[in-house]
Amino acid sequence: MPKSKQRASELATCDRCGANVRARGLGSHSKSCAKKEKERLEDEEFADIVRKAKKKELRRQRHEICNNLQCLEDAQSSIAVSATAIWADPDPDVEMQGSSPRQYPPVDHDAALPDFHEADFAPNEPDPGSNEPDPGPNKPNPELDDIKVEYHPHSQISSTVHHFSEFTRSRMTEHTVPRNNTPWEPFRTRLDFEIAEIALEAAMTKDQTNRLLDLVHRSASGNDKFTLQNHDEVRSLWNLASQRYTRFQNDTVSVPFDSEVHEFEMHYRPLWDWGLDLLRDKYLAPHFVFDAQRLSKFDGERFVRFIDEPWTADAFWNAQSQLPSDAKPLAYILYADKSKLSSFGTQKGYPIIARIANLPVHIRNNNTALGGGRVVGWLPIIVENQEHAKKKNYVNFKNAVWHTSFYQLLASVAQHSNTGYWFECGDGIQRRLWPVILILSADYEEQCIMALIRGLKGKFPCPVCLVPQDEQSVLATHEFRTRHQSEDVLRTARLKPSEKEKEAHLKAFSLRNVENVFSRVRHVDVHRALSFDRLHTNEEGLWGDHLWKEVKFWISDLGRDAAVKLDKNFDGLPRWPDLTHFSSVVAVDFTDGTVLGDLSKMIVFAAQDIFTSSRCKLGHLLLCCIRHYIEFDIYASLEVHTEHTIAAGRLAVQKFSEIMAEYIAQSQPETLKNWNFPKKHLVSHIFDDIISKGATCNYSTKPNEKMHGLLRKIYLQRTNFKNVASQILHYDEWLLTSTSMRTELDELDEYYKRNTCDPETHEALDLDDTGEPESTTIHAHLGSRQGNHSFSDIMLSHGTDRAFTNFRMKLNGFLNGFLPQHNIPLPDGKCIHLRTEDMITVFHFLRVNYESIVDWRLHRDLLRCNPKFYGLPRYDCVIVKTADKPFFARLVYMFSCLIGNTDFPLALIHPYDVGIASSRQRRDNDMGLWRVRAKPRISSEIISVQSIIRGAALANDPETDGDYFVIHTVDTDMFLRVKALQDQPST
């Protein structure tokens with residue numbers, strides 16, 4: 001046998017590694033492979049243990065301040081940990097107060113909720129993909145709270161992962177110098193502009209303006225010259241300055257009806273040109289986002305997708321997918337609605353308001369600054385003709401006028417929706433922009449006009465789906481309307497030989513015989529663009545027009561005593577910033593949507609002891625319905641949505657619908673109410689819209705409704721009440737110009753103020769109203785200093801309050817434990833023993849900066865501990881972080897204590913952390929309530945104010961002395977915190 005063949009026959013294959021080895025050495029090779037395999041598995045197991053340990057350590061340390069700070073800063077910052085970390089995974093090594101609270105098991109609020117890609121995605125939408133971390137070769141494993149950004153493939157930008165502290169939305173800008181050194185032009189001097197600006201904002205008449213200018217001339221002095229002479233000159237300069245932006249045009253539209261052609265005036269700014277005005281602005285340029293993104297946050301195990309801005313949701317992604325690869329979507333948000341211009345007259349206005357979805361919400365929803373909402377059109381209003389009122393052809397005629405007029409606004413957009421448009425933006429980059437009508441924001445009546453459906457009485461009254469008219473009260477999935485379906489129905493109907501057949505075919509889909517203007521813009525489906533409206537559907541609709549009226553029905557049924565008690569309970573609820581306080585509700589007719597929303601947030605706390613199951617069974621069932629309504633409404637209002645909050649929101653809608661079905665079946669014999677109406681059905685589309693278009697604030701009608709107030713003011717103060725549209729819009733042009741010039745002027749002032757900086761760091765000082773530098777990194781800050789008080793004086797004034805029993809001794813004990821625990825040396829190495837003549841500084845105000853667990857941004861609570869705040873005592877409540885579970889407490893006294901050369905900000909609190917029986921907790925949970933119980937007042941404790949997580953509002957339980965309910969509806973952050981407490985196992 002040849003030698004080479006002999007060697008080949010002596011080879012064998014190792015079963016473990018697949019290598020070819022000599023048959024004689026296979027045994028020893030196999031043993032070596034087995035040993036290596038065992039070592040590899042041990043190494044992987046050890047690496048996994050190390051990774052888990054690192055994750056745990058990162059969770060504990062991620063918000064601690066570096067150790068190179070002063071000792072006091074160490075002591076205070078080490079306890080100012082992220083609210084999310086406190087709530088989700090408290091650090092067992094940190095003791096925040098003088099006592100040792102009970103231990104509670106950790107809560108996993110999100111464990112049972114499905115993945116985002118398990119939600120109901122619309123057909124043909126892209127799958128979000130796997131969120132499992134895959135660092136790849138030579139890439140570090142993600143850290144807790146890292147943010148992953150996946151860009152649309154057309155952007156040709158690779159996915160990136162950012163540490164949470166480094167993540168930012170806007171692009172960095174190199175523009176460090178002002179855009180304009182003379183932003184007041186065409187006014188001759190800055191003084192000229194600022195005087196004219198005041199006259200404009202105050203809506204001064206011609207005579208008032210001339211008198212003001214005369215006074216200024218008589219008192220003028222200094223270096224800045226004042227040259228304006230009279231109102232006519234001011235007016236001409238405003239007209240000249242207004243040319244910097246697209247101005248209104250006025251066209252006549254003609255629509256036939258009843259053998260006549262009717263003409264109407266349409267005032268508008270070409271929508272495309274208005275968008276370019278914003279794009280060329282260098283101040284706004286860093287804030288524009290042109291590529292769709294998918295964002296996710298690492299929770300320690302995987303990346304969890306979250307949605308907020310429109311470009312983080314699916315509709316923007318899908319829109320970019322339909323465009324050429326080099327095109328960038330320029331996404332418009334449009335709103336239209338009629339409104340009265342006077343309280344007593346008949347004059348109405350019909351503004352169209354536009355916003356750009358590529359700008360972040362804090363700019364986009366601002367109505368006073370450049371980049372915010374702007375009136376871009378003024379639709380004609382048809383005077384009602386009683387001869388034809390409510391007739392089919394006349395209603396079609398009015399819809400045709402609306403769509404024909406609206407096209408004047410959209411014509412430029414429709415043109416460029418076929419080809420795109422190359423444009424150099426404010427950052428100097430040329431982009432091929434492609435217009436997209438991404439969102440239509442409107443109330444139900446206006447949505448019916450936009451979608452050209454027949455409204456309330458149609459067979460299918462929803463502008464989004466084909467829900468039958470008699471099934472609107474039932475939560476169910478129905479076929480979605482589409483642009484192509486509506487166009488096919490209209491085309492087929494128009495081919496029918498008779499009017500009767502045409503009408504029958506259109507009625508079958510609840511459509512009108514009118515061509516939809518939005519069909520003339522490519523890549524726009526009006527039914528997909530129409531968006532859920534919380535203001536009119538929930539706050540003013542489902543709640544204000546229906547659920548609240550049901551509450552009043554059952555209160556009336558119970559009698560006068562129940563009405564008096566409800567008013568008293570509302571008046572007894574604590575006050576809270578940005579939340580309406582109600583002294584009475586039963587006899588008041590509320591019309592403002594925001595006030596109605598605040599009313600809904602408080603009703604369960606005020607009515608829970610009135611609508612008991614024994615006293616009013618149906619009232620109690622109604623209150624259970626309202627509890628779930630509030631829950632899904634707050635979920636819908638979240639500023640940032642994750643996979644888990646969307647799933648929880650869908651579940652809340654489902655529970656609301658189930659309990660409502662029970663209530664409707666039992667109450668209808670008495671109330672005779674019909675619950676088959678669109679606003680009951682529209683809630684089924686909330687979370688589909690959030691997945692598609694982002695948080696509901698992106699398409700809320702509230703910012704647009706607020707602009708009606710400004711238009712009414714212009715009408716009343718700046719018009720002669722004849723042909724008002726042109727006068728209002730002309731004045732609006734001046735306001736836009738003034739806003740832009742003021743922005744540039746403030747920018748110029750800021751540039752020249754940069755020499756006012758810290759002499760050591762050379763950074764600009766941020767001064768608050770006390771003249772002291774303010775830093776948002778300071779977690780808690782005492783204010784409203786009341787002077788120094790000795791312990792003997794304090795006991796004289798508070799001796800009857802049992803919370804102050806042994807106050808000085810409690811403080812001694814706290815300091816002697818707190819300082820060593822945080823490596824702060826005791827003075828002279830001896831225990832602190834404060835004497836009765838020693839002084840502390842008292843404060844009545846506390847500012848707490850905290851990280852919201854909803855949007856992970858810094859928020860602020862302003863808290864009071866004041867015996868006479870506007871004539872009444874006010875002692876706010878707080879959440880306190882401990883080594884175990886956070887607990888609620890009421891502020892009793894706030895002060896700072898000087899030890900050595902260090903001032904410690906402290907608070908005396910009354911803890912509300914007595915255990916509640918699990919059976920009572922279950923009954924409270926049925927109503928969505930979280931009960932806390934006060935310790936005896938003598939059990940007050942002293943804490944560092946840095947251990948306060950945030951403020952809280954607590955409602956007294958009228959039935960049980962010392963028991964309180966946490967008002968979790970005050971904001972979205974508090975809502976999620978209490979939900980986490982409710983979802984943990986009972987002890």
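Okay, Glu643: buried or exposed? In this predicted model, Glu643 comes out at 1% relative accessibility, so with the buried cut-off at under 20% it counts as buried. Glu643 belongs to helix H20, which covers residues 643–671.

What does that side chain do in there?

The largest nonpolar core has 189 residues, and Leu271 and Ile603 have the most contacts inside it. Which helix gives the most to this core? That's H19, residues 617–637, with 13 residues. There's also a second, separate core of 35 residues, and among its members are Leu228, Val375, Ile714 and Val724.

If you skip residues up to four places away in sequence, Leu271 touches, among others, Tyr332, Leu334, Val376, Leu409 and Ile437. Ser412 is one of the residues it touches too.

Last stop, a sheet. Three strands make an open sheet, ordered S24-S28-S27, with antiparallel pairing. S24, at 931–933, and S27, at 954–956, are the edge strands with a single partner each, so one side of each has no neighbour in the sheet. Neighbouring strands here are turned by 40° against each other on average, ignoring direction. S24 pairs with S28, residues 963–966, over 3 bridges. And if you want to find that pairing on screen, look for Arg931, whose bridge partner in S28 is Phe965.

Conventions:
Residues are numbered from 1 along each chain as its sequence is written. This is a predicted model: local features need pLDDT of at least 70, side-chain atom pairs count only at pLDDT 80 or more; totals for chains, interfaces and linings use all residues. Side-chain values use heavy atoms; hydrogens and water are left out. Two strands pair if DSSP finds at least two bridges between them. Helices (H or I, at least four residues) and strands (E, at least two) are DSSP runs, numbered from the N terminus. Axes are lines fitted to C-alpha atoms, for helices over the stretch in contact, and angles run from 0 to 180 degrees between N-to-C directions. Buried means under 20% relative accessible area, exposed over 50%, partly exposed in between (1.4 Å probe, protein chains only). A nonpolar core is a set of buried Ala, Val, Leu, Ile, Met, Phe, Trp, Tyr and Cys residues joined through side-chain atoms within 4.5 Å. Contact means heavy atoms within 4.5 Å.
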